[in-house]
Amino acid sequence: MVGNRSTLTTLLAPDKPLESPQMPFTIDSQRYLDLLSATALGDSLGLPYENMPGQRVRRLTRSGLRQRFVFGRYGVISDDTEHALITARALMNAGNDAEIFERGLSRRLKRWLQTFPPGVGKATLFSIMKMWFVAPSKAGYRSAGNGPLMRAPIIGFYHASDEVIRDKFVVRSTRMTHRDPRALFMASGIADIVAHLVEDPLDWSSMSRLFRVAANRHAIMGDSAHLDELSGLLETLDDAHHKGLPILEALAGIGGSKGIDGYCYRSGLAAAYIASHATSVNEAIQFSVGVGGDTDSTAAIAAAIASASGKPGRYDAINCIVDWPVSPAYLEAHAKALSLRHPNDLQEPAYLPQLLRNLVVVVLDMGHILRRLLPPY
């Protein structure tokens, strides 16, 4: 049951809602490839600096941002890219049926968890474990983490032309792992922003309005406190945007002075704000990593939004990713299949190689943790 609509509207409704794209249209494989490449690039470049304060990250990257997770020269991806690709495969096989999508996504997530992926979030871990015993729709953990935000851009891109279908898919994707309404507000807002960017550029003011519209659309009775919090954060960023404040100063105003953590409000708003002010995909990644905190997730989401907006990107560093199965060819195969919009024959990663890959990444990650004990601080 929807709550008091007039109260919610007073809190968050924009002056004039933006219209969703109505006519179906085809997105070519190159745009899908750019979106997936941007996600992988942001994820891999941000991963070595995860959970570092921004000031230290900026000192370490003074000479430029580059791949450095493996021997200081190569990169790997994390769950941000894996979730985007898992979601892409579930989308292709579901058509417009959200129930089929939910089952396919659940099956793939359970298989993914069986390979012991490093760095999996608490809510995602517990909810996927529950999926072996209950329906995915009942497995979600009460968390406002940013896990669903990893899956939102590709859903928004794939179902850009139909808000009703898009909402069904975003709700299923979110609630199977995160049941806090704030996670749904943010995931839906990001999906809506990406959907609008397919055809039209958006500045921050337009993105801010779309976040308000999405939250208002999904809010129910009892969500007023969450809506008030979101409204306050958006007003802070709106004010910073109108004043032309530097990005770091703007994000400090929403609690990101030492870095953007995994709280979905800060993570989602920061990624969109950065993407709206960056002139390129690479600049969006640079800003996202430089602010510190959950650098891989923020950079992956910001890069995806910047790519969806058609901003240019240099993807040379993709060739320095030495991961399995992710590679330029692997991303291209997904992009081509997504553009065709029919069930795909892409194979899921083989279990034993995926397990071995994850064990190697854990060892490398331990090396990075030990490196953080050394200067510069």
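Modeller: Let me begin with Arg357 and Asp323, whose side chains meet in a salt bridge with N and O 2.7 Å apart, and please keep in mind that this is a predicted model.

Colleague: Where do Arg357 and Asp323 sit in the chain?

Modeller: Arg357 belongs to helix H17, while Asp323 is in the loop between helix H15 (295-308) and H16, so this pair links distant parts of the chain that are 34 residues apart.

Colleague: And are Arg357 and Asp323 buried or exposed?

Modeller: Arg357 is buried, with a relative accessible area of 9%, and Asp323 is buried as well, at 13%; the cut-off behind that word is a relative accessible area under 20%.

Colleague: Why would such side chains pair up in the first place?

Modeller: In general, side chains of opposite charge can pair when their charged atoms come close.

Colleague: How many salt bridges does the structure hold?

Modeller: The structure holds 17 salt bridges. One of them is formed by Arg89 and Glu348, with the closest N and O atoms 2.9 Å apart. Arg89 lies in helix H4 (residues 79-94) and Glu348 in the loop between helix H16 (328-340) and helix H17 (351-371), so the pair ties together parts that are 259 residues apart in sequence.

Colleague: What about the burial of Arg89 and Glu348?

Modeller: Arg89 is buried, with a relative accessible area of 3%, whereas Glu348 counts as partly exposed at 25%.

Colleague: Which residues are linked in a network of salt bridges?

Modeller: That network links Glu163, Arg166, Asp167, Asp192 and Arg217.

Colleague: Changing topic, what gathers in the patch of positive charge on the surface?

Modeller: Lys130, Arg142, Arg175 and Arg179 gather there. Taking Arg175 as an example, this residue lies in helix H8 (residues 163-175) and is partly exposed, with a relative accessible area of 35%.

Colleague: Which residues form the nonpolar patch on the surface?

Modeller: Phe126, Met129, Trp132, Phe133 and Val134 form a nonpolar patch, and together they have about 530 Å² of accessible area. Trp132 is found in the loop between helix H6 (122-130) and helix H7 (147-158), and at 42% relative accessibility Trp132 counts as partly exposed.

Colleague: OK, rings next. How many aromatic pairs does a search of the whole structure find?

Modeller: The search finds six aromatic pairs. In one of these, the rings of Phe126 and Tyr141 have their centres 5.6 Å apart and their planes at 70 degrees, so the pair is edge-to-face. Phe126 lies in helix H6 and Tyr141 in the loop between H6 and H7, so the two tie together parts that are 15 residues apart in sequence. Phe126 counts as partly exposed at 35% relative accessibility, and Tyr141 is also partly exposed, at 29%.

Colleague: And a buried example?

Modeller: The rings of Trp204 and Tyr273 have centres 5.1 Å apart and planes at 70 degrees, so this pair is edge-to-face too. Because Trp204 lies in helix H10 (residues 204-218) and Tyr273 in helix H13 (residues 264-277), the pair ties together parts that are 69 residues apart in sequence. Trp204 counts as buried at 1% relative accessibility, and Tyr273 is buried at 0%. Ring pairs also link Trp204, Phe211 and Tyr273 into a cluster.

Colleague: Last topic, the backbone: where is the cis peptide bond?

Modeller: A cis peptide bond, with omega about 0 degrees, joins Trp324 and Pro325, and Pro325 lies in the loop between H15 and H16. As background, most residues other than glycine have a negative phi, and most peptide bonds are trans.

Colleague: Which residue other than glycine has a positive phi of about 55 degrees?

Modeller: Phe71 does; this residue lies in the loop between helix H3 (54-60) and H4 and counts as exposed at 73% relative accessibility. Phe116 has a positive phi as well, near 55 degrees, and is found in the loop between helix H5 (98-113) and H6, where Phe116 is exposed with a relative accessible area of 59%.

Conventions. Residues are numbered from 1 along each chain as its sequence is written. This is a predicted model: local features need pLDDT of at least 70, side-chain atom pairs count only at pLDDT 80 or more; totals for chains, interfaces and linings use all residues. Side-chain values use heavy atoms; hydrogens and water are left out. Patches are made of residues with over 30% relative accessible area and no salt bridge: like charges are joined within 9 Å, nonpolar side chains (Val, Leu, Ile, Met, Phe, Trp, Tyr) within 5 Å. Accessible areas come from the Shrake-Rupley method with a 1.4 Å probe; for residues, only the protein chains shown count as cover. A salt bridge is a side-chain nitrogen of Lys or Arg within 4 Å of a carboxyl oxygen of Asp or Glu. Lys and Arg count as positive and Asp and Glu as negative; His and the chain ends are not counted. The place of a charge is taken as NZ of Lys, CZ of Arg, CG of Asp or CD of Glu. Helices (H or I, at least four residues) and strands (E, at least two) are DSSP runs, numbered from the N terminus. Buried means under 20% relative accessible area, exposed over 50%, partly exposed in between (1.4 Å probe, protein chains only). Rings of Phe, Tyr and Trp (its six-membered ring) pair if their centres lie within 6.5 Å; planes under 30 degrees apart count as stacked, over 60 as edge-to-face and the rest as tilted.
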